[in-house]
Amino acid sequence: MIHLVTTLRETKKIAKEFAQKIKNIHSLIIFLEGDLGSGKTTFTRYVLNYLNIKDFKGSPSFALVNEYTINNLKLFHMDLYRINSKETLVDIGIYEYFKHCAIFFIEWPNLLEIKPDIVVKFSLANTYRSIEIDWC
Ligand SMILES: Nc1ncnc2c1ncn2[C@@H]1O[C@H](COP(=O)(O)OP(=O)(O)O)[C@@H](O)[C@H]1O
Ligand SMILES: [Mg+2]
């Protein structure tokens, strides 16, 4: 499903619908694909807000992983932009995280050897953005 968006408000609306669809699922791997600045972190922030996470920590571009808990649900937001090899992913112990039953939002997932449940693709054109959501 492709949505064209021109404002943050529209992104927010799509995030709300998305949050409603995933809110009762406790184990989910979501890949967020798209260039720098295409809206991955913004979308994640809105979805987390709708899932009742009030302390969004921003982009984990340096921490690599931000962790949240709501009730008993664990949620991880990863940004693997700075990782440049598959070996590094193993070395930093990224695969340990996937032993958790949790929801994973992953920016720059391309080196990761796991399969997503949902792929969200973001793109940025001159006059609009697009958000494509595919359930695998
Ligand atoms: N739908 C939108 N309309 C207008 N600006 C947006 C929209 N989505 C994101 N942005 C803006 O684009 C910039 C980069 O967004 P960000 O989510 O950090 O991108 P990414 O995580 O893909 O690098 C931010 O300033 C954000 O506010
Ligand atoms: Mg980002």
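## Ligand surroundings and fold

Ligand 1 is surrounded by 16 residues, and the closest are Thr11, Gly39, Lys40, Thr41 and Thr42; a residue is near a molecule or strand if its C-beta atom, placed from the backbone, lies within 6 Å of it. The model is predicted: local features need pLDDT of at least 70, side-chain atom pairs count only at pLDDT 80 or more, and totals for chains, interfaces and linings use all residues. Residues are numbered from 1 along each chain as its sequence is written, while chains are lettered from A and ligands numbered from 1 in the order in which they are written.

By class, the shell around ligand 1 holds 4 nonpolar, 8 polar and 4 charged residues. Here Ala, Val, Leu, Ile, Met, Phe, Trp, Tyr, Cys and Pro count as nonpolar, Asp, Glu, Lys and Arg as charged, and the others, Gly among them, as polar. At least two residues of this shell come from each of helix H1 (8-22) and helix H2 (40-50). Helices (H or I, at least four residues) and strands (E, at least two) are DSSP runs, numbered from the N terminus.

The sheet is open and has 7 strands in the order S1-S7-S6-S2-S5-S4-S3, with mixed pairing. Its edge strands are S1 (2-5) and S3, each pairing on one side only. Two strands pair if DSSP finds at least two bridges between them. Two pairings of S4 are set out below.

| Strands | Sense | Bridges |
|---|---|---|
| S3 (residues 65-70) and S4 (residues 73-79) | antiparallel | 6 |
| S4 and S5 (residues 102-107) | parallel | 6 |

Isoleucine 70 has leucine 73 in S4 as its bridge partner. The hairpin of S3 and S4 has 2 residues between the strands, and asparagine 71 takes a positive phi near 50° there. On the S5 side, methionine 78 has isoleucine 106 as its bridge partner, and leucine 75 stands opposite isoleucine 103.

H1 packs on the sheet, touching S1, S2 (28-33), S5 and S7 (129-135); contact means C-beta atoms, placed from the backbone, within 7 Å.

H2 also packs on the sheet, where it touches S2, S3, S4, S5, S6 (118-124) and S7. Because 8 of the 11 residues of H2 are buried, this helix is largely enclosed by the rest of the structure; buried means that 20 or more other C-beta atoms lie within 10 Å of the residue's own, with C-beta atoms placed from the backbone. Among the buried residues are Lys40 and Thr41. Just after H2, asparagine 52 takes a positive phi of about 80°.

How values were computed: Buried ≥ 20, exposed ≤ 12 C-beta atoms within 10 Å, placed from the backbone. Contact = placed C-beta atoms within 7 Å. Axes fitted to C-alpha atoms, helices over the stretch in contact; angles between N-to-C directions.
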